[in-house]
Amino acid sequence: TSGGTRVSSLDRIATDTPIVTLTVGGNDVGFPDIVSDCLLDLESCTRHDAQVQRDLADLEGSLRTLFSDIGSRLSSHAQVLVVGYPRVFPALPFRDCDFIPLFPVGTFTVDEQTWANAKTADLNSVLRTEAKRSNQPGSPEFVYVDTWDIFARNELCRPDPGTGEPATLSTFINGVDLVNPVHSFHPTSSG
């Protein structure tokens, strides 16, 4: 906010802004609600697949509009860094991962971890494609920044080196934060 008035992030972009960095799309495809649903429901979160696919298709048009709006505010010498999403579960999940022990909810199964990785990869594919599509002569350069493996060996649910059990905490990624749920499955200050 500025002087009590909400200011759009887009309104902060000036023609002389050299670099714009953004991460976009996770909320648009419903990831926060899906993660909550996965953790608090006894049904598999993979049941959300059709909805995520529809949301990803809708996101393509939204990104074209957003990237066009951003590009129209910048000089042709500027860069727009479209930052992809990292994989938060192991590439090959090895066991179900219980984030809320002693309760019948709070577990990400191996299938759900694999599915979450796949949906994140699908989102990244849309971001990469739309960033590339936005590169037009006389416009700023849109660059997709791949962060897919940035947390490799530090993912959630990886084998804990001390116990061999799935790790529900990471130096770089928040696990389940019941006090402040908005932080769940987001990077920590170190990540």
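Modeller: Two strands are paired if DSSP finds at least two bridges between them, and the strands (E, at least two residues) and helices (H or I, at least four) are DSSP runs numbered from the N terminus. This is a predicted model, in which local features need pLDDT of at least 70, side-chain atom pairs count only at pLDDT 80 or more, and totals for chains, interfaces and linings use all residues. Residues are numbered from 1 along each chain as its sequence is written, and side-chain values use heavy atoms, with hydrogens and water left out.

Colleague: How many bridges join strand E2 to E5?

Modeller: E2, which covers residues 79-83, runs parallel to E5 and is joined to that strand by five bridges; within E5, glutamate 141 is the residue that stands opposite glutamine 79.

Colleague: In what order do the strands of the open sheet lie?

Modeller: The order is E1-E2-E5, three strands in all, with parallel pairing. The edges are taken by E1 (19-22) and E5 (141-145), each of which has a single partner strand, so one side of each lacks a neighbour in the sheet.

Colleague: By what angle are neighbouring strands turned against each other on average?

Modeller: Axes are lines fitted to C-alpha atoms, for helices over the stretch in contact, and angles run from 0 to 180 degrees between N-to-C directions. Here the average is 20° between neighbouring strands, with direction ignored.

Colleague: Which strands does helix H2 touch?

Modeller: With contact taken as heavy atoms within 4.5 Å, H2 (residues 49-73) packs on the sheet and touches E1, E2 and E5, its direction making about 160° with that of E1. Helix H3, for its part, lies across E2 and E5 and runs at about 160° to E5.
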